Amino acid sequence: IKMDEILELQRQLAQIQEQTTQNKFSDRVIVDLINKLIQEYNLTLIYSSDGQEYMTPEHLDNQIQQLTQEKGVQTLQTIHNYQMLILKQSKVVYLKYQRKTNENSQDQKTKQQQVHIQTKYVKIQMKIYSKDRKYCLQKQAKIYNLTMQFIKDQLQSRIDQRIIDGNIVGGEKICTSTFQLLMKAKLRGSLRAATKPIVLGNLSKEFGIENKVLQEIIEELINQEYIEGKIHTGSFIPQKFQKNQENIIRNFLKQNNYIEYSMLQKQLYVQKPQDTLKNMFKDQCVLLEDCAFFKDSLNQLQEQIHNLLIEEGYTDLVFMFPTIITKGDIDSIIFKHMKLTEVEIDETYIFSHKFIEKCVNNLKQHIINELQQNPQKIVQQQQEDNFSEEEEEENFRKGKKKQQNQKKQPNTNKNKSSQNKKDTYNNIFSQQEFIQKLQEQNVLPKNEKDEIFEKKLFKVSQNQLQKHIETLRKELLDKKKSGSSEAIQQLIQLIEESVTFIQFSLNSIKSFENNHSDINLKIFYDNIHYTNRMLIENIIVLLCKKLSISLPQGLFIKKEYENPKKNVQIGFVVLKKIFKDKKMLQEAISLLPKEYSQFLGKAFEFYSSKSVNNLFNFLMENQNLIGIRVIFDKKVEKGIIQSLKYFYKDLIKKDRLDFKQNILRTSIFILIDKFNLFYIGSQDENNANILYSILLSLAKENTQEEIYNTLKKSLDCLEVIKQEQKDANDIRQFENSVIELIKIAKL
């Protein structure tokens, strides 16, 4: 083929390529055509990653060669959208494709790459010979986009060939031999002079060397016997320190009397502190949970604590022990090593038993008063004890099998009983009351307040306080049991005498009313009505004592609020007011057993309706239920008259100068002695005037002129001295008239 023909063909091809057509091949047709060409003409093509382009291997080789010549190495993942495969072989990077390359072109590429790599490593060599004397390979890998292993291999080959005077240290840096020797010399000097452990991290920062490299250098120095010591838990421990370790421990113990295990581990690098101390000091050192104490110091401390307990009775151990000491350590020191007895400890406070006993004994009277004022606490405790005994007997009867099951389960009833017992004790004293009473007894200083101390003292005193309360409770209960029969007999006698006096008074009122309608005796009925209420209240107390019933204390009048004027005095008998008001009285009646509650409920109805005679007759009809026996006959009446005469005669003799009272007492005596009449009532003016009227009427009627005239004269003089305008003569006349009346009564 001639050249002209070739040129003509090229021109025609160019014209055809420039031509456009509306009917283009579809993608599928093109793919089929390419595949046909490849099969028939054995063509080799490289596909792009998206399958839209084709390239011949020759064209790709030309592009890679051009890029390698320009940049030295090419590690791009794609070139013109074509996937590349980068391999390493014989420490030289080259590109391998999906066809065999010509050996000459491959050699040419390898030479170009070696020239490029040589240029880079010359630069690295220049940098490590600069003032830095070390160079980071990681930076080099990032700059030239090479792997660390490839860089290290290339550098190592040059170090082996003595092209570069240096070493790769730590796997990431290259430095000169001079720099290495200098670092070793500095480290050798620093570690030789060390007298205590040095943390490798601090050395690493100071010398700018990685921990791994630093540790390798130190181990090399130790192996070459340039330095003496060892590496332990990230620190270098000099041999001198190891030799002085025992002296350090001994000196520290001597100065401080204790040493912490954590200090031995962290600062002295002792792996087993307790074993080390035991081997060093044997029995001279007390090993605790977190520290160890010198035994001699504990002996001195024991003497100090003992003296404080004798003088003060208590002390705070926080000032005697280091803060590292735990509560368990304190208990171990006090009880196991110091062997102190008769003491109580709560955290850091220690109290002697004598001091606690002193505090509790000073509260004895207050405890007795509290138990006496609240007797339900004694009865309640007794009932709880009885309940526990009955429960144990019942469990025993239920059989062994159930008992075994109950052993496996917590005895909740017993726990509740003991808890109730504890609550009863604690209800006697609050912490504030406990401390206040001790301050009043001068057991504790009044002006000093330490809430922590007060709390600890109250807590440690509980066991002793509870035992003391239990002892006093049993004593009071025994006294109550021994004195209950005597108290019941006294109450029965009181009620029987009161009933007898009420009967005598009712008879006296009826006797006078039958013959004298001019004097109104309603006031005496009112007095008996109120007396009946006091009688009902005392009957309730009698029944409670007989039946061992404890009524709520809120029903009763407190001792400090008792008013003697509310009581009823019937001659020499006094009926005390017991309940606060009618409502509390009804509440007490409702708490009694049904039979007694119904009986007293009916009695209270008579009282509310002011049926004096009906109420008294109702009580007399139920003497057996109350437990009394009253017989009122001439013999009993005569005995009452003699007792009342003696009582009033004795009062007049004792108070001879109380003329205002003696005129009333003498009038009552004359009524009893001369007319066999007695009226229940207080000694106020209204009652006295009615009595004077009765005596004057009876004296006049029975021609007792001497009594009538003398009493009349005394009452006239009494009216005179009641006025503001009075003189000594008036008073003297009144006193003489009273004396004359007493003589007439033969007193």
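**Ground rules.** I count residues from 1 along each chain as its sequence is written, and side-chain values use heavy atoms, without hydrogens and water. The model is predicted, so local features need pLDDT of at least 70 and side-chain atom pairs pLDDT 80 or more, while totals for chains, interfaces and linings use all residues.

**H20.** I looked up helix H20, residues 431–440. Helices here are DSSP runs (H or I, at least four residues), numbered from the N terminus. Phe434, Ile435, Leu438 and Gln439 are buried (under 20% relative accessible area, 1.4 Å probe, protein chains only). Seen down the H20 axis, the buried residues fall within an arc of 130 degrees, so they line one face of the helix. The arc is taken from the directions from the helix axis to the C-beta atoms. Just after H20, I noted a positive phi of about 60 degrees at Asn442.

**H28 and H29.** Next I checked H28 (residues 634–654) against H29 (residues 659–675). Their axes come within 10 Å and cross at roughly 160 degrees. Axes are lines fitted to C-alpha atoms over the stretch in contact, with angles from 0 to 180 degrees between N-to-C directions. The pair is therefore roughly antiparallel (over 145 degrees).

**H30 and H31.** Last, I took H30 (residues 685–701) and H31 (residues 705–722). The axes come within 9 Å and cross at roughly 150 degrees. H30 and H31 are therefore roughly antiparallel too. Contact (heavy atoms within 4.5 Å) involves residues including Tyr692 and Leu695 of H30 and Tyr708 and Leu711 of H31.

Terms used. Buried means under 20% relative accessible area, exposed over 50%, partly exposed in between (1.4 Å probe, protein chains only). Helices (H or I, at least four residues) and strands (E, at least two) are DSSP runs, numbered from the N terminus. Angles under 35 degrees count as roughly parallel, over 145 as roughly antiparallel, 65 to 115 as roughly perpendicular and the rest as oblique.
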